[in-house]
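Me: I should like to study a protein model through a series of questions. Please show the sequence and the structure first.

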Amino acid sequence: MSAPVGVSSLLAIAMVRRLLLELEVPEDEDPHRLLGEPIEIWVVRPMAEFDGRTPAQALAAPGGDVVVRSWLKRWLR
């Protein structure tokens with residue numbers, strides 16, 4: 001069985017930054033502080049919240065931006 005396909009790391013980073021802006025996180029806010037690690041690492045780390053997929057893989061799935069946005073919204077509360 002092959003690994004789930006994700007979007008490139010650079011595209012995933014851009015998508016997450018866009019989602020953060022949509023959630024009204026200031027552009028100068030450090031994603032490392034928000035996510036607990038650099039965004040470059042966060043997008044490629046498998047997470048239980050995404051059924052063991054990475055955020056990049058979750059973003060590649062249909063409706064993945066909604067799933068990641070929802071997670072970010074809960075995380076930022």
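Me: How far apart should the ends of α5 be, at 1.5 Å a residue?

Reply: The model is predicted, so local features need pLDDT of at least 70 and side-chain atom pairs count only at pLDDT 80 or more, while totals for chains, interfaces and linings use all residues. Residues are numbered from 1 along each chain as its sequence is written, and side-chain values use heavy atoms, with hydrogens and water left out. The expected span of a helix is 1.5 Å times one less than its number of residues, and α5 has 13 residues.

Me: Which residues of α5 are buried?

Reply: A residue is buried under 20% relative accessible area, exposed over 50% and partly exposed in between, with a 1.4 Å probe and protein chains only. By that rule the buried residues of α5 are G64, V68, W71 and L72.
They pack against α1, α2, α3 and α4, where contact means heavy atoms within 4.5 Å. The residues asked for are therefore G64, V68, W71 and L72.

Me: Why do the buried residues of α5 line one face of the helix?

Reply: An α-helix has 3.6 residues a turn, so residues three or four places apart point the same way. The arc is that of the directions from the helix axis to the C-beta atoms. Seen down the axis of α5, the buried residues line one face because they fall within an arc of 100°.

Me: With which residues is V16 in contact, leaving aside its neighbours within four places in sequence?

Reply: In soluble globular proteins, nonpolar side chains tend to be buried together. V16 is one of the residues with the most contacts inside the largest core. Beyond its sequence neighbours within four places, V16 is in contact with I39, W42, V43, L59 and L72.

Me: What angle lies between the planes of W42 and W71?

Reply: Rings of Phe, Tyr and Trp (its six-membered ring) pair if their centres lie within 6.5 Å; planes under 30 degrees apart count as stacked, over 60 as edge-to-face and the rest as tilted. By this rule there are three aromatic pairs. W42 and W71 form a tilted pair, 5.3 Å centre to centre, with an angle of 35°.

Me: How many residues apart are the partners F50 and W71?

Reply: Both F50 and W71 are buried. They form a tilted aromatic pair, 6.0 Å centre to centre, with 55° between the planes. F50 is in the loop between α3 and α4 and W71 is in helix α5, so the pair links distant parts of the chain by the DSSP assignment. Their separation is 21 residues.

Me: Is M47 buried or exposed?

Reply: M47 lies in the loop between α3 and α4. Leaving aside its neighbours within four places in sequence, M47 is in contact with W42, G52, R53, P55 and W71. Because its relative accessibility is 10%, M47 counts as buried.

Me: Is T54 buried or exposed?

Reply: T54 lies in the loop between α3 (39-42) and α4 (55-60). Its contacts, leaving aside neighbours within four places in sequence, are V43, V44, R45 and P46. With a relative accessible area of 10%, T54 is buried.

Me: What is the radius of gyration of the chain?

Reply: The radius of gyration is taken over C-alpha atoms, and the globule rule is 2.2 Å times the number of residues to the power 0.38. For 77 residues, a compact globule would have a radius near 11 Å, and the value for the chain agrees with this. That value is 12 Å.

Terms used
Helices (H or I, at least four residues) and strands (E, at least two) are DSSP runs, numbered from the N terminus. A nonpolar core is a set of buried Ala, Val, Leu, Ile, Met, Phe, Trp, Tyr and Cys residues joined through side-chain atoms within 4.5 Å.
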